[in-house]
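Here's a quick briefing on one protein model. Have a look at the chain first, then go through the notes below.

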Amino acid sequence: SLGDDVGAACRLSQTSEMRWFASLLGFSASAALSPPLARPAELACNALTVHRVEPGDHLELQLANLLMHAFYDRPSALAGPIAWAQRQVITANVLADLSARLKYYECARAQNLPHCGAVLAACRPDGEVAGFVDIGRAQYLPDESVFSLPPPPTLLGHAAQVRIGLADAEWPDGGEGSYGGMERHGGPHGSGVAGGPTGWRCQGSEQACADMETRAYVSNLAVDLDWRRRGVGRLLMGCCEEEVRSWTPPDDELWLEVTLDNEVALRFYQALGYELASRSSGREIVRRPFYYELVQLQRGLMRKRIEARTGAG
């Protein structure tokens, strides 16, 4: 489990400490600790292009690092070796989770199944990512008030290592996220990096799985630190609405979760037309000055009614 991984990361070896000291001196110890990209020129949000990320896309690692920066800020060698080692574990979980979901969405799309989803990236003219969002049709478990991905398209009735995450991490407009592992949304989630639902839970026959309740769910919204307060979050959330309208059949509501102490995120979504529908709780990974910790947090489940696309002509 992620909690075990994070705990194990605390037991650092001498080699890990040496690598941390190397990073303190300015050497690159890993991709997650590579120098941040130069601050982008003052480009308008309309200079960005949004496209669907495919499995194996060269952007996967960049998206994982962007998500980590959005939830936990950029890494600092001054945080110490324990935080450094834990961050490597969390980043690896985020990348694995992202790759698994991209494959899941592609498989469902290739088979024309209803378990739709997409990772949409807003890219600058130079190809770098300013932000991205993960939108999918998730299984909703009303008794537990949690979301999880439906059974994998090719593995109905079998376990899968795919998680769903929370959406209150990268508050594009300045919010401070607590991506628990990647489940916060799945923060990053209780499933991978933060705390949240893990995996799918449909039990029984294929027909039972087909009859389960699903909802269009925004798991992750991440905006580059240098691109916040410039409309990227609004752009990506608008793309989510268009994505949902394109599904067959289309969904008429969008759902997401935020931690209730994230007032910036709450205001951001309320401004977009989302309303608080219910409350729940879950474990998420939060950043402390010198380590990362799994904690129990209160979450708000928010929804927005999506208007049907008007007919052409």
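Let's start in a loop: Arg229 sits between S5 and H6, where helices (H or I, at least four residues) and strands (E, at least two) are DSSP runs numbered from the N terminus. This is a predicted model, so local features need pLDDT of at least 70 and side-chain atom pairs count only at pLDDT 80 or more, while totals for chains, interfaces and linings use all residues. Residues are numbered from 1 along each chain as its sequence is written, and side-chain values use heavy atoms, with hydrogens and water left out.

- Arg229 is not a glycine, yet its phi is positive at about 65°.
- Arg229 also counts as exposed because its relative accessible area is 64% (buried means under 20%, exposed over 50%, partly exposed in between, with a 1.4 Å probe and protein chains only).
- Asp73, in the loop between H3 and H4, is another non-glycine residue with a positive phi, near 70°.
- With a relative accessible area of 43%, Asp73 is partly exposed.
- Thr248 and Pro249 are joined by a cis peptide bond, with omega at about -5°.
- Pro249 belongs to the loop between H6 and strand S6 (253–259).
- For background, most residues other than glycine have a negative phi, and most peptide bonds are trans.

**H3 against H4**

- The axes of H3 (residues 60–72) and H4 (residues 81–110) come within 9 Å and cross at roughly 125°; axes are lines fitted to C-alpha atoms, for helices over the stretch in contact, and angles run from 0 to 180 degrees between N-to-C directions.
- That angle is why H3 counts as oblique to H4 (under 35 degrees is roughly parallel, over 145 roughly antiparallel, 65 to 115 roughly perpendicular, and the rest oblique).
- The crossing of H3 and H4 is right-handed, meaning that the near helix is turned clockwise from the far one by less than a right angle, with anticlockwise giving left-handed.
- On the H3 side, the residues in contact (heavy atoms within 4.5 Å) include Leu61, Leu67, Met68 and Tyr72.
- H4 answers with residues including Ile90, Val94, Leu98 and Leu102.
- By class, the contact of H3 with H4 splits into 11 nonpolar, 4 polar and 2 charged residues (Ala, Val, Leu, Ile, Met, Phe, Trp, Tyr, Cys and Pro count as nonpolar, Asp, Glu, Lys and Arg as charged, and the others, Gly among them, as polar).

**H6 against H7**

- H6 (residues 232–246) and H7 (residues 263–271) have axes that come within 11 Å and cross at roughly 50°.
- H6 and H7 are therefore oblique to each other, and their crossing is right-handed.
- Gly233, Arg234 and Met237 of H6 make the contact with Phe268, Tyr269 and Ala271 of H7.
- That contact of H6 with H7 holds 4 nonpolar, 1 polar and 1 charged residues.

**A buried strand residue**

- Ala222 is part of strand S5 (residues 214–223), and it counts as buried because its relative accessibility is 0%.
- From Ala222 to Leu236 is 14 residues in sequence and 9.4 Å in space, C-alpha to C-alpha.

**The whole chain**

- The protein chain has 7 helices and 8 strands.
- Of its 313 residues, 54% count as buried.
- The accessible surface of the protein chain comes to about 13,600 Å², and 51% of that belongs to carbon and sulfur atoms (areas come from the Shrake-Rupley method with a 1.4 Å probe; for residues, only the protein chains shown count as cover).
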